[in-house]
Amino acid sequence: MGDSSASSLYQVLLVFVSLIPCFAEKWDIYLVLMEGDPVAFHGSTFTTTNDNTIKPNFNSDLSKAYAKKLVDSHDQFLQSTFETGSYNKLYSFKHIVNGFAVHTTASQAEKLKHAQQIKLVERDRGAKLMTTYTPQFLGLPQGVWTQEGGDKNAGEGIVIGVIDTGINPFHPSFAYDPLNPFSSNISHFSGACETGPLFPVTSCNGKIVSARFFSAGAQAVATLNTSVDFLSPYDAVGHGSHVASTAAGNGGVPVVVNGFFYGRASGMAPRARIAVYKALYPTVGTLADVVAAIDQATQDGVDIINLSIGPDEPPTDTPTFLSLFDVYMLFARRAGVFVVQAAGNRGPGSSTVVSYSPWAVGAAACSTDRYYPGSLLLGNGQKVGGVGLSGPTMGGLLLSKLLLAKDALKVDGTFPRTPQFMEECQYPEAFDPTLVLGSIVICTFSAGFYNETSTLTAIINTARTLRFMGFVLLANSNYGDYIAEPIPFAVSGILIPKVSSSQIILQYYEQQTGRDERGFATKFNAQAALGEGRVASFEGRAPSVGRFSSRGPDFIDVNRNPTDVLKPDVLAPGHQIWAAWSPISALEPIISGYNFALLSGTSMATPHLAGIAALIKQKNPSWTPSMIASAISSTATKYDNYGELIMAEGSDLGSLYNSTHFDFGAGLVSATRAIDPGLVLSSEFEDYISFLCSLPNIDRFMIKAVTGAWCNQSLSHPANLNLPSVTVSSLVKSLTVQRSFKNVGNKSETYLSSVVRPNGTTVNLYPPWFTVAPLGSQVLDIEFNVIQAMGQFSFGEIVLTGSLNHIIRIPLSVRPVSIF
């Protein structure tokens, strides 16, 4: 009997041990491509839109039947490959690619990789956010809007798909004005209004023409917080609302925060419609939800997709151009959608861009000439500049007692002696309430802020609880200068981000403070006043490339080997942008309760380009996405408002250096010139395939697997892709590339060719001048010769000057590596 019991126990243990790997193995989301065409490219019926553009007709009976067939094939494949319960299919992708997203284990994913019908399997890398005055800065009211009939018509008839954190439908930037009804026909678009928490059916009001949410990926990998992760298109973060209103918010919406009027905000294309695709949540974001949104937006018929989100790092096991995210953008472009994405916020280091592919426009971010100067007036008459959107103390002239946080602590306090309690003003209980009442308290940037465990929100709460007159957050010499952005404070406050400025304040404070032999403060004679920090100033050099804005050169793999594509593509305002917000503000508690936010990031630059693309599309409805991209790039300017080369911010606070194409792409977008460029360059799907096939060391079978196209024809060199720029990552001896230009004007025009050669090269252009008729084309041969091996990139440009005042600029970025 004992032997039998031992044997049974041994068998139970064996079963238990054998099950441990199954229980322990981590589940991830995997994005999968299958053999077979998606709906868009499967001979389904096509439709001709009002502008004579031929697009896939996703709503035909033939298309719907084929879409169902694809979904059934995905289900049958998974059922035959996996055991029930060992996977969870999240999405079937069917419109622009044929595939699915599945939640399963790595060992199960290995089975997929070896299955005959499977072309590609990629683990989901997650998705992140790339976090008023700009229409005037870009010259829209006096320029393009005037040509389009004013802000009451600019963007009419265009639908911008915003894939982001959702939208706040109650915001005035998205209100419908019955006195100014939309007159355009958007029959090319067919969306849906999905409802849910905080998003009633009335949210789709004509301005917002469609709203959907995608959550299968988020729900698979995280436990969502029902108080903020709303399963509806409602935006609990604010980011999606900010982006949507920057691209297409209503014109002239008053910006009021804490009772102060900051001016009026307008989107770039204030009459464009907005289609919302919520794919990121406060708790988590997945690529599965993002690519499902891209698939749906393309099916719905949006004209433009704005991606102020995306993977924050390159793929580890595939070329950058062939990651599934980039492949989705390729097929959206193939279906006729203009795609613009954020270049990333990892600057100013080189090769930090997360926008890689030539078929999507990558947006870099810059400042404007508007800034908000704050000031601290000391009792000795010195004035120290800083940052903070708050009102003055006592009118900004009457002085209040100035206290250093360390000197205002409770003498017998039982709180921990950590920087958060001692000097960072995070906890009200640390202070002597009678001492700080009505005083301006100096807090210090210390370990808590450096480790991102301390917050400005906590300082403000402390100030409000103890009724500070105001607060100052000083830079700390132990940590150096810090980056400060103007944030609306509910109490008077100022950020002093420079150590040199902080030392001026501390020197004055110590001169006015008496201490006993132990160093404890006994006399407080220092005084100060906070000035008005909410009034904007407009002066100084602008734009400059933001420190955070990711830089080129573009690269092809995780090792950051450079490739022959210019990234970022173009520069747009992305620093201190006022736009719509969500009062919940789930990720930014310091601005919760506000309807507007002042934000910086390439997230903010991206919708500027999306809105300008809408204006170009409105004026030129038959243009393809690549023609719009060319118009934006080739008419951009590389000069600032002083007529000098645009500068770029470095890693040190306040530092500037001479920028290159790897900082600003082709330059600052010029909407007025882009709407009438004279010449455009275009590339279509077959050209992109030829480009991919010409890349060195590329796996041609992988190209076929991912794109469905064989390498029947490749370019003689990747730099021959017909882009509005030329990038040669490795120039050996000599190389001749071509660019083909099309005259989109209604008159013949003669162009004179000139070139600024990159260092280490000579550049010859053939022909040196040409005349091109309306709708005619002209090929330009560009011959590079190495005269000095540099081993690093150098920069130049081709300038085509037209007889009708059109000017086309083609940036040159060349790395001459060998004369022989």
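Is cysteine 711 buried or exposed? At 16% relative accessibility, cysteine 711 counts as buried, where buried means under 20% relative accessible area, exposed means over 50%, and partly exposed covers the range in between (1.4 Å probe, protein chains only). The structure is a predicted model, in which local features need pLDDT of at least 70 and side-chain atom pairs count only at pLDDT 80 or more, while totals for chains, interfaces and linings use all residues. Residues are numbered from 1 along each chain as its sequence is written, and side-chain values use heavy atoms, with hydrogens and water left out.

Cysteine 711 takes part in a disulfide with cysteine 693, the two sulfur atoms being 1.9 Å apart; a disulfide is here a pair of cysteine sulfur atoms within 2.5 Å. With -80 degrees about the S-S bond, this link of cysteine 693 and cysteine 711 is left-handed. Cysteine 693 lies in helix H19 (residues 685-694) and cysteine 711 in the loop between helix H20 (700-707) and strand S35 (726-732), so the pair ties together parts that are 18 residues apart in sequence. Helices (H or I, at least four residues) and strands (E, at least two) are DSSP runs, numbered from the N terminus. Cysteine 693 is likewise buried, at 3% relative accessibility.

Since cysteine 425 is placed in the loop between helix H10 (419-422) and helix H11 (433-436) and cysteine 443 in strand S21 (residues 440-444), the pair ties together parts 18 residues apart in sequence. Both ends are buried, cysteine 425 at 0% relative accessibility and cysteine 443 at 0%.

Another disulfide joins cysteine 193 to cysteine 204, with 2.2 Å from S to S. The torsion about the S-S bond of this pair is about 90 degrees, so the disulfide is right-handed. Cysteine 193 and cysteine 204 are both placed in the loop between strand S8 (159-164) and strand S9 (208-213), 11 residues apart. Cysteine 193 is partly exposed, with a relative accessible area of 26%.

Two strands are taken to pair if DSSP finds at least two bridges between them, and S8 pairs in the parallel sense with strand S12 (residues 273-278) over six bridges. Within this pairing, isoleucine 163 has tyrosine 277 of S12 as its bridge partner. S8 also pairs in the parallel sense with strand S13 (residues 304-307), over three bridges, and there the bridge partner of valine 162 is asparagine 306.

Elsewhere, four strands form an open antiparallel sheet in the order S4-S5-S1-S6. Strand S4 (88-93) and strand S6 (118-123) stand at its edges, each with a single partner strand, so one side of each is left without a neighbour in the sheet. Neighbouring strands of this sheet are turned by 25 degrees against each other on average, direction ignored; axes are lines fitted to C-alpha atoms, for helices over the stretch in contact, and angles run from 0 to 180 degrees between N-to-C directions. Within the sheet, strand S1 (residues 27-34) and strand S5 (residues 99-105) run antiparallel and are joined by seven bridges, with threonine 105 of S5 as the bridge partner of tryptophan 27. Helix H2 (residues 61-81) lies across S1, S4, S5 and S6 and runs at about 150 degrees to S4, while helix H8 (residues 287-300) lies across S1, S4 and S5 at about 30 degrees to S4; contact means heavy atoms within 4.5 Å.
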